[in-house]
Amino acid sequence: MKKSSVFLLMLFWSLTSVVAQDFFSEKLEGRVYSKDGDVAATHVLNTTTKKATITDINGFFSIAVNLNDTLVFSAIQYRRKEMVVTLSVLESKLLMVPLDEALTELEEVIVMPYNLSGDVGRDLNRLKTEPVVTASTLGLPNAYAVFPSQAERLLNEATTGGGIPFNPIINAITGRTKMLKSRVARNATYNRTQRVRSFYADSLYVSRFKIPEDKIDDFMYFCEIDPVFQVTVDTHDRLKIWEFMRRKSMVYRKNNNHD
C-alpha cells in the first residue's frame with residue numbers, strides 16, 4: 001500500500017511539472033527599436049531552447065519561449081542584450097526591447113581638406129560642389145514610386161504563387177498567407193502610429209500628457225490598439241488627434257499609476 005502511494009505521488013509530481021511547463025510557455029511577440037531606427041534582421045536567440053529567429057524590417061519578431069528562458073538580442077551595430085523571460089514578459093501583449101548602439105571610439109583626427117580655413121562663410125564660397133544627382137533630378141519615371149515593403153512582397157508571392165502553381169494553395173493550408181496578411185496590417189498600423197508620434201516632440205508627451213519619457217512607446221501602443229485611434233488618425237485633423245491622445249493619456253496614467 002505504501003509503495004502504491006509513493007508511485008501515485010511521483011506520478012502526480014511528474015504530471016504537475018509537465019502541465020506547469022506547458023502553462024508557462026507560449027509564442028512571444030515583440031519589437032526591437034533604437035534611436036537610429038535600423039533594426040531589421042536583428043538576431044533573437046533563445047539560448048535555453050537553442051531556437052532563433054530574426055526581426056522583420058520594422059523590428060517585429062515572434063519566438064517560442066518558456067518561463068525563465070533566456071533571450072539574447074544581437075546585431076553588428078548594437079550591443080548584445082540578454083533578457084530572462086519572466087511572468088510579466090509572458091503577460092505582455094507586445095514586448096518592447098530597446099537596443100543600444102555599439103559605438104567604437106576612435107582617436108580624434110583633424111582633417112582639413114581643400115585648404116579650408118574653418119570659417120564657414122568663406123569656405124562655402126570657395127568650394128565647388130557638383131549638383132546632387134537623384135532619380136527626381138534626372139526626371140526618371142519611377143522617381144516618386146512607392147515600393148512595396150518586404151511583408152507586402154512576401155504576401156504577393158504567397159497569394160500569386162511566384163510562378164509555382166501550387167504555392168497559393170499550400171500557403172493557405174499552412175496558414176502562411178494569413179500570417180503575412182496579419183504582418184502587412186500590423187506594419188501599416190505601426191507606420192501610422194510612428195507618423196503620429198513624430199507630430200509632437202517627446203517633451204510635449206512628458207509635460208502635457210504626463211507620460212514618462214521611457215513609457216512613450218508603450219503609451220503609443222496603448223493608443224494604437226483602440227479602434228477609434230485609427231479612425232481619428234485617418235481624419236488627418238491634428239487637433240482631433242491631440243484631443244484623443246489627451247483623453248487616452250488620462251486613462252493610461254490611471255491604469256499604470258503614473259498620476
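Visitor: Which helices each supply at least two residues of the lining of the largest cavity?
Guide: They are α6 (176-197) and α8 (216-224), helices here being DSSP runs of H or I with at least four residues, numbered from the N terminus. The model is predicted, with local features needing pLDDT of at least 70 and side-chain atom pairs 80 or more, while totals for chains, interfaces and linings use all residues. Residues are numbered from 1 along each chain as its sequence is written, and side-chain values use heavy atoms, without hydrogens and water.

Visitor: What makes a residue part of the lining of the largest cavity?
Guide: A cavity is a set of points on a 1 Å grid over the protein atoms alone where a 1.4 Å probe fits but cannot get out, and lining residues have an atom within 4 Å of a point. Arg31, Phe60, Leu94, Met96, Tyr190, Thr193, Gln194, Asp217, Met220, Tyr221 and Glu224 line the largest cavity. The largest share, 4 residues, comes from α8.

Visitor: Why is α8 called mostly covered?
Guide: Of its 9 residues, 7 are buried, which means under 20% relative accessible area (1.4 Å probe, protein chains only). Those buried are Ile216, Asp217, Phe219, Met220, Phe222, Cys223 and Glu224.

Visitor: There are 7 aromatic pairs in the structure. Why is the pair of Tyr205 and Phe209 called edge-to-face?
Guide: Rings of Phe, Tyr and Trp (its six-membered ring) pair if their centres lie within 6.5 Å; planes under 30 degrees apart count as stacked, over 60 as edge-to-face and the rest as tilted. Tyr205 and Phe209 have ring centres 5.8 Å apart and planes at 70°, so the pair is edge-to-face. Both residues are buried.

Visitor: And what makes the pair of Phe229 and Phe244 tilted?
Guide: Their planes are at 35°, with 5.7 Å centre to centre, and the pair is tilted. Phe229 belongs to α9 (residues 227-233) and Phe244 to α10 (residues 238-256), so the pair ties together parts 15 residues apart in sequence.

Visitor: How do you know that Phe229 and Phe244 are buried?
Guide: Phe229 has 0% relative accessibility and counts as buried. Phe244 has a relative accessible area of 4%, so Phe244 is buried as well.

Visitor: What makes you say that the charge of Lys248 sits over the ring of Phe222?
Guide: The rule asks for NZ of Lys or CZ of Arg within 6 Å of the ring centre and within 35 degrees of the ring normal. The charged end of Lys248 is 4.4 Å from the centre of the Phe222 ring and sits over that ring. Likewise, the charged end of Arg238 sits over the ring of Phe199, 3.9 Å from its centre.

Terms used: On a 1 Å grid over the protein atoms alone, a cavity is a set of points where a 1.4 Å probe fits but cannot get out, and a pocket is an open set with protein on both sides within 12 Å along at least five of seven lines; lining residues have an atom within 4 Å of a point. Buried means under 20% relative accessible area, exposed over 50%, partly exposed in between (1.4 Å probe, protein chains only).
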